[in-house]
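Dear colleague,

Please find below the structure that I am handing over to you. My notes on what was found in it follow directly after.

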Amino acid sequence: MNDDAKLHWLVRPNTIKHLWRWGYAILAVLVLADFVIHPHASFGIDGSFGFYSWYGLLTCLAMIVFSKGLAIFLKRKDTYYDD
Amino acid sequence: MTIDAFPPGVILVLGGLVLPFVSQQIRYTIILLLPLFVLWSVWQVGDGVQLTLPFLDYELAVVKGDALSRIFATVFAIMAFVGGLFALKQKQVAELAAAFIYAGSAIGVAFAGDLITVFIFWEIMALGSTMVIWAAKTPESYKASMRYLMIHLLGGVILMIGVIAHIADTGSVAFQAMTPNSIGTWMILAGFLINAGAPPLTAWLPDAYPEGSFSGTVFLSAFTTKTAVYVLLRGYPGTEILIYIGVYMIFYGIIYALLENDMRRILSYSIINQVGFMITGIGIGTEMALNGAAAHAFTHIIYKGLLLMSAGSVIYMTGGKRKCTDLGGLFQSMPITCICGIIGALAISSFPLTSGFISKSMIAQAAGDEQLLFVWMCLAAASAGVFLHAGIKFPWFVFFQKDSGLRPKDPPWNMKAAMILFAFLCIALGVAPGPLYDILPFKTTYEPYTVPHVINQLQLLLFAGLSFFLALPIMKRTLTISLDWDWFYRKFGAWLIVFLTRGTVEMRRDIFGNLQIFVNSVINLAFKGHGPNGIFARTNATGNSVATVIILLTVLMLIFYLEI
């Protein structure tokens, strides 16, 4: 507890645990909000339930995985161009 | 010529030219007041051609005003003011002088009514921006500025060829909407796109901009790419190829920023990403899309300037630390820099109540209105990706993540004031978009704040945020860079020159080698005869020849007497 008290309140393990819980709660509320709103969808798919939620999550994970795959070929030490 | 027809950009260029020669007091006054005066004069320019100058056989429209010119000139002038405030105490006066020349010529392009004037200001911009990078006075910045200059001079040459070909085709110098259907119009388009950071010449931007000083990079982020957006908006609205170029730039920026470790390189990749949104909008070409592109350029200059000021403050106060692996935990000692950085990050991510929300969503709306499903899906994924690579990644690795142990203070007052001013604008434009919508090129009734739009945007962004923290273990920063198109001219090109010249080196060696053998044999032959042991060097020869001469003379005398 003494170690914790020395840390800034924002980075104490207890605070971080709470942040995760609140974060998940907000995400859940946002997904459920799809029941109440009536979007003016431009296409069919963007009006379907939970579209923006899963689309945001999955496309981002896909971009991270893709960039990691690309890194296998393109990554070099940051002194690569130094003479 | 009346005062309201004097080109506003030229006022700023002239101001930049006098900066190095005046006392500190006058310099501060010019830096703080001149951009505001220019901002005022931008709004004195009426619609239509205001100033013409004769040049060769042509009549140049040096100042021509309309709504599109004014919105870009306005944000350029605002940027010059706040950037000047941020850089007020910059010891390299040359940087501020160059930045004012750079900003002034960008305003010059915004008011240029003909292609020759565009070209002239375009080239001044290239020189001004190179000098801004130079002013960082590091070996790295010098090399980067030379690579930067080469690309922009190449772009300038391509643009000039295009302009000349276009004038030869049409006989008109006027700068108006074109369709790429001739060599001239294609070359002009290519010249414009090079400055926008379009593929394949994308790498000059993340190569050069992060090498500017703590304040120089703030200026660099604003003018070159956004002037390119302006000329594309005016010259090539609705050109379909721009949609695909824009989409490429959007994802290129995200992917490379995700792999990057240097915080200002992350933000540089994200410039290309954001310009990609604007170029996609220009390609779509409807009034809504063009309004969106113009509005997004306006808000982008402000929040990107803010993000780079926040990064610049960190560099300034930590003595030059700029890699994510060296930073972290700075929120504890730099609260103002951190909060301003987060506001900039929220704005670039288009969070509701920030400026990005009211501008970027117009472009997505236009894609939806035109039933471009593929483009719309790309834009939505990219919006989530912006939050990922810039919105969370930048503040997280700089101000939070691990505690680096660094405890730098917030920067001096002028830098804080500049950041607070831009942070205020990010939120003010987001809360009350009316004034910005009023100065857009087309009338708009777009309403960004509907309940579904806000909820959907929050869903998209917060789930993108979730993916960041879920993937955090594999996002750990490493001391690496990622190869880009510039590899072709920095490594492959250098190798090619070595490869191609190796043959000539050998040939040269052979020719000179054979020549040497010939010359040596001549020398040896001469040495044989004339050397110390050579036949002509024998000393006993003198006595013999004297005896021979005496004998000959005796014989001659005898013959002489016998004859008589």
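**Findings in chain B**

At 62% relative accessibility, B:K137 counts as exposed, because the cut-off for that class is over 50%. Please bear in mind that this is a predicted model. B:K137 sits in the loop that runs between α5 (115-134) and α6 (139-170) of chain B. Its phi is near 55 degrees, which is a positive value in a residue other than glycine.

A positive phi is also found at B:L353, again a residue other than glycine, with a value near 75 degrees. B:L353 belongs to the loop between α13 (335-348) and α14 (355-369) of chain B.

Another loop of chain B, between α7 (183-196) and α8 (204-208), holds B:P200. The peptide bond joining B:P199 and B:P200 is cis, with omega at about 0 degrees.

I turn next to the packing of two helices. Helix α3 (residues 67-86) of chain B packs with α16(B) at an angle of about 150 degrees, and their axes are 7 Å apart. Angles over 145 degrees count as roughly antiparallel, and α3(B) and α16(B) are therefore roughly antiparallel to each other. On the α3(B) side, the residues that meet α16(B) are B:I78, B:M79, B:F81, B:V82, B:L85 and B:F86. Their partners in α16(B) include B:W413, B:M415, B:L421, B:F422 and B:L425.

B:P412 lies in the loop between α15 (373-399) and α16 (413-431) of chain B. With a relative accessibility of 28%, B:P412 counts as partly exposed. Leaving aside neighbours within four places in sequence, B:P412 is in contact with B:Y316 and B:M317. B:P412 and B:A464 are 52 residues apart in sequence, and their C-alpha atoms are 35 Å apart in space.

Finally, there is the matter of the surface. Which residues make the nonpolar surface patch of about 790 Å²? The patch is made by B:Y248, B:W485, B:F488, B:F492, B:W495, B:L496, B:F499 and B:L500. Helix α19 (residues 487-530) of chain B gives the most to this patch, with six residues. B:W495 is found in helix α19 of chain B, and B:W495 is partly exposed, with a relative accessible area of 48%.

With kind regards

Key: Residues are numbered from 1 along each chain as its sequence is written. Chains are lettered from A and ligands numbered from 1 in the order in which they are written. This is a predicted model: local features need pLDDT of at least 70, side-chain atom pairs count only at pLDDT 80 or more; totals for chains, interfaces and linings use all residues. Side-chain values use heavy atoms; hydrogens and water are left out. Patches are made of residues with over 30% relative accessible area and no salt bridge: like charges are joined within 9 Å, nonpolar side chains (Val, Leu, Ile, Met, Phe, Trp, Tyr) within 5 Å. Accessible areas come from the Shrake-Rupley method with a 1.4 Å probe; for residues, only the protein chains shown count as cover. A salt bridge is a side-chain nitrogen of Lys or Arg within 4 Å of a carboxyl oxygen of Asp or Glu. Helices (H or I, at least four residues) and strands (E, at least two) are DSSP runs, numbered from the N terminus. Buried means under 20% relative accessible area, exposed over 50%, partly exposed in between (1.4 Å probe, protein chains only). Contact means heavy atoms within 4.5 Å. Axes are lines fitted to C-alpha atoms, for helices over the stretch in contact, and angles run from 0 to 180 degrees between N-to-C directions. Angles under 35 degrees count as roughly parallel, over 145 as roughly antiparallel, 65 to 115 as roughly perpendicular and the rest as oblique.
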